[in-house]
Amino acid sequence: MAAQPSDVRTDLSASALRRDVVDNLFYTQAKFPFVATRNDYYLSLALAVRDRLLHRWVNTAATYLERESRTVIYMSAEFLLGPHLHNNLINLGIEDRVRQAVSDLGLDLDDLIEQEEEPGLGNGGLGRLAACYMDSLATLEIPAIGYGIRYEFGIFDQEICDGWQVEVTDKWLRLGNPWEIARPEISFDVKLGGHTEAYTDADGRYRVRWHPDRVIKGIPYDTPILGYRVNSANFLRLWKAEAIESFDFNAFNVGDYYGAVDQKVVSENLTKVLYPNDEPAAGKELRLAQQYFFVSCSLQDMIRLYKQKIDSLDRFADKFVVQLNDTHPAIGVAELMRLLVDVHEMPWERAWDITRSTFAYTNHTLLPEALEKWPLELFRRLLPRHLEIIFEINARFLEQARAAPAVDDDALGRLSIIDESGSRYVRMANLACVGSRAINGVAALHTELLKQDVLHDFYQLWPEKFSNKTNGVTPRRFMLSSNPRLSQLISEHIGEQWPSDLAQLTRLAPLAEDADFQRDWREVKRANKVDLARRVVERTGIEIDPDSMFDILVKRIHEYKRQHLKVLHIIALYLRIKRNPNATITPRTFIFGGKAAPGYFMAKRIIKLINSVGDVVNNDREVAGRLKVVFFPDFNVTNAQPIYPAADLSEQISTAGKEASGTGNMKFSLNGALTIGTLDGANVEIREHVGADNFFVFGLTVDEVKRAKREGYDPRDIYQRDHTLRAVIDAISDGTFSAGDRGLFEPIVGELLAHDQYMLLADFGAYLACQDEVAAVYRQPREWTRRSILNVARMGFFSSDRAIKQYCEEIWNVEPVSIQLDVSSATR
C-alpha cells in the first residue's frame, strides 16, 4: 500500500497546530525556544499552515488530472499578492484556533503576521488585480494556474529622505519564503538571439531552425492559492532564470574566476528585478527578454501538462484558455505558433486556429505611451524567429482585413502589427488583438473608449470580440483581513455568508438610518483611524488627530492621477486660513501614499512637493489642529490594509478618460469611505451603484476634455482669471514651500501653465467647490454615516468573484470543479 499523508499534518485543531509549530521549530528551524527569533516562529507557523494547504492542493491537482478539467491560465508580469499567512488562516477558517495555539506558546499571532515579508512581485493595480482574480478563481472552484516571474528583487522599497523618494532594494526573499515549493525537476530551455535557418524536411515541407546565441533555463516555484472556505487550491507558478551550466570549470582552472561564473550571472539577471528601467537600450532588451522568458516557460509547461493525458495537441484550446493580463505576455501568440509549427511540426493553418482559440486579451490602459511596442531591430536581434512569425501573421491578417468593408490604407496602417510610421516597431497590443479570441476592457467607460479610440479599427473589424469586464476586488483580503472590526459588525447583522456572496451587503441598507447601528459604525471607523494614526507616527513621526477627517489619496504616482491637484487644494485651504485665521475649516488630515517609477522625473518631484507643503503646513501654528499633511512611505499591500479601513474620504481624481478602471476606489468604498472623483474609469459605475447622492462628483467629462483640447485649451488664461488659483500657483512659484528656492518646483508650475496636459487648472474651481460640499456634509455625522453605510451596502457588484463569473461565462467557457478531501487521493 502506498504511503499516505498523516492526519496529524492536516488536523485543524488548536492542539495539533500548536504541536506542529513546536515540531517545525525543532525539525525545520533547528532552534529551541530560548534562542528562537520571531522569524523562526513565523516560519514554523507558516509551514504548519502550509501543510493544510498542501493537503487541499494535492487533492485538487489529482482531481483536475483525473477529470481532464478545462483550465484557466492567467498570464501576468505582476502578481501583487500581499502577505500570505493571515489570508490563508481566513480562507481555512482557523484564525481563532491558530491564535489560541500560538498564545499557548506565549506568542502573539498579530506579531507573527507582521513578521511576514511581502512578496514584491508587482507594482500596482495590474498585479493586485491578478492576485484578486487568483483568490476568486480558487474560491469559485475554477481550475486555474497563474504564470509569472519570480523576481529576486521586486518593486523597490520606498524611503523618503528630505522629502524625496529614495529607492531601496526590495530583498523580500532574504529570510526565506515558506509558501513556495521549488520544482527543479521541471525545467525548460529558453532560446535568445542568434539566427534562423530555413530548410525543407524529408516530406518536402518548409521548416525553420532557430540557432540561438544563448540558452537560459527556467525553473518553476509554486505557491498554492486556496479558496475561501472551499477545498479548492490552485497554484501560482513563477519562473526563475538559471544558466544551463552555472560554473565553467575549465575557465576556473586557468584563473579566469569571473569567467567561470559569467553565464550564471548573465542568465540570472533575467529575473533579478521587476520592471528594469527601460529608458536605455539594455533595459529595453532585458524587459523584452523577461517577458519572453516567462511566456515561453509557461507555454512549454502547459504542453507538458497536456501531454500527461493526451498526445495530440489538436485539442489544446479545449484544455486551456489563456488570459493575457495586458500586453506583457502578448509575445505568447508568436511563441505558441513557434512551438506548434517548429517544434511539434503542425501545419500553419491548424496551429493558427489553435492559437487564436487559446488566447484572450485584457487591455488595461488608455494611454498611448503605455501600449507596448518594441523596436524592430531589438526584436530581430533578440527573437529572430518570432519576428519572422509575426511578419507572417501580419501579412495574412492584413490580407484578410483588406477585404473587409470600410478598411482603407490608413486603417490598414493602424491595424498592422508592425508600426511603419517612422522607426519601425512591433505593436504588442495589435499582436494580442489579432491573436486572441476575445478582447475586453476593465470598466464600462474604458471599454467604450477602447471601441471609439484606442482599438477602434479592431472593433470595426471584429465587434463580436469586444466585451467589458469591470474589475473587482476580493472581500477576503480587503474586508475580512484588512478590516476585521467592520467585518464582524456586518456579520452580526446579516450573517457570515457575505464574504463569498457580496451581493448580500444590500441587507445593510435598511440599517443606514438606525441610530444604534450608526453609532457602532462610527466606533468601528474611529478605532481604525486610531490604529492608522499609531502607524503614521511610527513611520513618519507625525502625530495626526483621529477626530479629523482622513482625506486619503494612495496610488501609483503619475501626472494623470493628479496627486498635485490634491496639493493645490491643500494650499488653497492653507492660504484661506492665513488670510482669515477665524475661517470655518473642517479639520482634515491629508494622507498620501504611492511610488513613482525611478525614471519618472515629474512624479518624483510631485512627491517632493507633497512633503514640502506638509513641512510648512504641519509646522505653522496658525493652522494647527485644522490641517495636517502626511506622506506614508512604501505603499504596498501590507501598508494599504490599515489605510483603506481608516479613510473617511477617498480621492479618485484622475483626468476623465485616462484611468482604465481603478480598484483602489472599490477598496475604499467597501470600507465605508465616501468618494470624491471625476467621471473616469470605474468611478462612473461606482456612482451608479452607490447612488449619485452618495458620491461627490466634479470635473470635466471625457467629451468635455476632448472638446477643450480641440478648441485650444489655454491653462494660463484660467490662471489669470481665477484669483484663488493664481494665489496657489504663485505660492509654489515664489518659494513659500521650498525655503525660498524658486526653481525647485518650476518644472511642475511650468508644465501646468504652458500645457496642463491633464487639465488640473480646468478642474480646479469645480474641485474646490466640491470639497467645500464634502466639508459641509462631514460636519453632519449622522448624514455622513448614513452615506457611508449605503456605500458599503451597494458595493456588492465590485467583488472580483462577480468579475470572474463573467469571464467564465462569457469568455473562458469554464465550469467549477468541486473538490472533496480524500487523503488517499494524494498518492493516486
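**Helix packing, salt bridges and buried residues**

In this predicted model, helix H23 passes helix H24 in a left-handed crossing, a term used if the near helix is turned anticlockwise from the far one by less than a right angle, with right-handed used if clockwise. Residues are numbered from 1 along each chain as its sequence is written, and side-chain values use heavy atoms, without hydrogens and water. Local features need pLDDT of at least 70, and side-chain atom pairs count only at pLDDT 80 or more, while totals for chains, interfaces and linings use all residues.

Two packed helices are described by the angle between their axes and the distance between the axes. Helices (H or I, at least four residues) and strands (E, at least two) are DSSP runs numbered from the N terminus. H23 covers residues 563-579, and its axis comes within 10 Å of that of H24, with a crossing angle of roughly 20°. Axes are lines fitted to C-alpha atoms, for helices over the stretch in contact, with angles from 0 to 180 degrees between N-to-C directions. H23 and H24 are therefore roughly parallel (under 35 degrees; over 145 is roughly antiparallel, 65 to 115 roughly perpendicular, and the rest oblique). On the H23 side, the contact (heavy atoms within 4.5 Å) is made by Gln-563, His-564, Val-567, Ile-570, Ile-571 and Tyr-574. H24 contributes Ile-606, Leu-609, Ile-610, Val-613, Val-616 and Val-617. The contact of H23 with H24 has 10 nonpolar, 2 polar and no charged residues. Here Ala, Val, Leu, Ile, Met, Phe, Trp, Tyr, Cys and Pro count as nonpolar, Asp, Glu, Lys and Arg as charged, and the others, Gly among them, as polar.

A second pair is formed by H21 (residues 484-494) and H22 (residues 515-540), whose axes come within 9 Å and cross at roughly 160°. H21 and H22 are therefore roughly antiparallel to each other, and H21 passes H22 in a right-handed crossing. Arg-485, Leu-486, Leu-489 and His-493 of H21 meet Phe-517, Asp-520, Trp-521, Val-524, Ala-527, Asn-528 and Asp-531 of H22. The residues of this contact divide into 6 nonpolar, 2 polar and 3 charged.

Side chains of opposite charge can pair when their charged atoms come close. A salt bridge is a side-chain nitrogen of Lys or Arg within 4 Å of a carboxyl oxygen of Asp or Glu, and by this rule the count comes to 59. One of them joins Lys-604 to Glu-167, with an N to O distance of 2.8 Å. This pair links distant parts of the chain, 437 residues apart, with Lys-604 in H24 (residues 601-618) and Glu-167 in strand E4 (residues 164-168). Lys-604 counts as buried, at 17% relative accessibility, and Glu-167 is partly exposed, at 31%. Buried means under 20% relative accessible area, exposed over 50%, and partly exposed in between (1.4 Å probe, protein chains only).

In the salt bridge of Arg-205 with Asp-203, the closest N and O atoms are 3.3 Å apart. Arg-205 is partly exposed at 35% relative accessibility, whereas Asp-203 is exposed at 59%.

Arg-237 and Asp-222 meet in another salt bridge, at 2.6 Å from N to O. The two residues are 15 places apart and connect distant parts of the chain, Arg-237 lying in strand E10 (residues 233-243) and Asp-222 in strand E9 (residues 214-226). Arg-237 is buried, with a relative accessible area of 5%, and Asp-222 is buried at 0%. Through shared partners, salt bridges join Arg-183, Asp-222, Arg-237, Asp-301 and Arg-304 into one network.

Thr-589 belongs to strand E19 (residues 588-593) and is buried because its relative accessible area is 1%. Apart from neighbours within four places in sequence, Thr-589 is in contact with Ile-544, Asp-545, Ser-548, Met-549, Phe-550, Asp-551 and Lys-628.

Asn-430 is part of helix H17 (residues 428-434) and is buried, with a relative accessible area of 8%. The C-alpha atoms of Asn-430 and Gly-193, which are 237 residues apart along the chain, are separated by 23 Å.

Asn-177 lies in the loop between E4 and strand E5 (181-182). Asn-177 is buried, with a relative accessible area of 19%. Its C-alpha atom is 9.0 Å from that of Glu-116, 61 residues away along the chain.
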